[in-house]
Amino acid sequence: MKRILVIFSHPALQRSRANRELLLAISNLEGIRVHDLYQHYPDLLIDVKREQALLAEHDIIVFQHPLYWYSCPAIMKEWLDLVLEYGYAYGPEANGLAGKQWLSAITTGGAPESYCEAGYNSSPLLDFLRPFSQTARLCGMHWLPPFVLHSFHKLKDPEALRRCGQDYRQLLLALRDERLSPAQLAGVDYLRDLLEAI
Ligand SMILES: Cc1cc2nc3c(=O)[nH]c(=O)nc-3n(C[C@H](O)[C@H](O)[C@H](O)COP(=O)(O)O)c2cc1C
């Protein structure tokens, strides 16, 4: 069984609907640990050694967050800047993260059709995730197809939101239990495209 660490970033969880639903769906699952960065570090003073020790205990690192200005909330950027240091995450002798898997789990306001050349976001969502996928590669990690909950504001129906949470849960469990082969994972752009395969 793979050990999963969900590094969660949301500056106002009390106002969240999408991320809160996703978190609820994956709470209390064996082998899946949620680490809420704003809860642990409300002053943004990140304990680098503690974070690196936590990473060492896990195989799959999930970065769950809302998309903010085509990127991540501020604390996750701070976390990346501090924790992925030279000699640990990258550099000639570095192997702190080598072989681990990186999964971005992202909620967006924009609808899927807005993420293309003709849409108001001008580019596919995957283009905006390039800084993350390349960071993963530089650190010797395997980039997994991201889990995306699109068009959040249109998702008024609580049942539809609940189903998204269940999709997330099913997919994390499949990753934990290694029920998705490397070939399957390499064959899709988005993790949800594998729902029928599990
Ligand atoms: C500061 C800020 C920046 C945002 N930037 C984007 C963006 O670049 N693209 C997008 O699709 N949605 C954007 N949104 C919408 C959020 O992604 C959306 O509200 C969030 O994913 C919903 O999740 P929640 O209910 O957990 O907060 C932004 C929202 C805020 C507050």
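**Entry 1: helix H1**

I began with helix H1 and looked up its buried residues, which are Ala-18, Asn-19, Glu-21, Leu-22, Leu-23 and Ala-25. Buried means under 20% relative accessible area, exposed means over 50%, and partly exposed lies in between, with a 1.4 Å probe and protein chains only. Helices (H or I, at least four residues) and strands (E, at least two) are DSSP runs, numbered from the N terminus. I noted that the model is predicted: local features need pLDDT of at least 70, side-chain atom pairs count only at pLDDT 80 or more, and totals for chains, interfaces and linings use all residues. I also noted that residues are numbered from 1 along each chain as its sequence is written, and that side-chain values use heavy atoms, with hydrogens and water left out.

How many of the 8 residues of H1 are buried? I found that 6 of the 8 residues in H1 (residues 18–25) are buried, so the helix is largely enclosed by the rest of the structure. I then looked up what the buried residues of H1 pack against: strands E1 (4–8), E2 (32–36), E3 (60–66), E4 (101–107) and E6 (147–149), and helix H7 (158–176). Contact means heavy atoms within 4.5 Å.

**Entry 2: the ligand**

I turned to the ligand, which 17 residues surround; the closest are His-10, Ser-16, Asn-19, Thr-107 and Tyr-115. A residue is near a molecule or strand if one of its heavy atoms lies within 4 Å of it. I sorted this shell into 8 nonpolar residues, 8 polar and 1 charged. In this scheme Ala, Val, Leu, Ile, Met, Phe, Trp, Tyr, Cys and Pro count as nonpolar, Asp, Glu, Lys and Arg as charged, and the others, Gly among them, as polar.

The side chain of Asn-19 has an N or O atom 2.8 Å from an oxygen atom of the ligand. For Gly-109, a backbone N or O atom is 3.0 Å from a nitrogen atom of the ligand. For Gly-110, a backbone N or O atom is 2.8 Å from an oxygen atom of the ligand. Of the 640 Å² of accessible area that the ligand has on its own, the protein covers 76%. Accessible areas come from the Shrake-Rupley method with a 1.4 Å probe; for residues, only the protein chains shown count as cover.

**Entry 3: aromatic rings**

I found 8 aromatic pairs in the structure. Rings of Phe, Tyr and Trp (its six-membered ring) pair if their centres lie within 6.5 Å; planes under 30 degrees apart count as stacked, over 60 as edge-to-face and the rest as tilted. Phe-63 and Trp-79 form an edge-to-face pair, 5.5 Å centre to centre with 70 degrees between the planes. Phe-63 lies in strand E3 and Trp-79 in helix H4 (residues 74–83), so the pair ties together parts that are 16 residues apart in sequence. Phe-63 and Trp-79 are both buried.

The ring centres of Tyr-115 and Phe-128 are 6.0 Å apart and the planes stand at 80 degrees, so this pair is edge-to-face. Tyr-115 is in the loop between E4 and helix H5 (125–128), and Phe-128 is in helix H5, 13 residues apart. Tyr-115 counts as buried, at 10% relative accessibility. I also recorded one aromatic cluster formed by Phe-63, Trp-79, Trp-102, Phe-132 and Trp-143.

**Entry 4: single residues**

Is His-35 buried or exposed? His-35, in strand E2, counts as buried at 1% relative accessibility.

I looked up Met-141 in the loop between helix H6 (130–138) and strand E5 (142–143); at 7% relative accessibility, Met-141 counts as buried. Met-141 and Trp-102 are 39 residues apart in sequence, and their C-alpha atoms are 6.5 Å apart in space.

Lastly, I checked Tyr-70, in the loop between E3 and H4. Tyr-70 has a positive phi of about 60 degrees although it is not a glycine, and it is partly exposed, with a relative accessible area of 32%.

Key:
A polar contact is a pair of N or O atoms within 3.5 Å; within protein, one must be able to donate a hydrogen and the other to accept it, and residues adjacent in sequence count only if both atoms are side-chain atoms.
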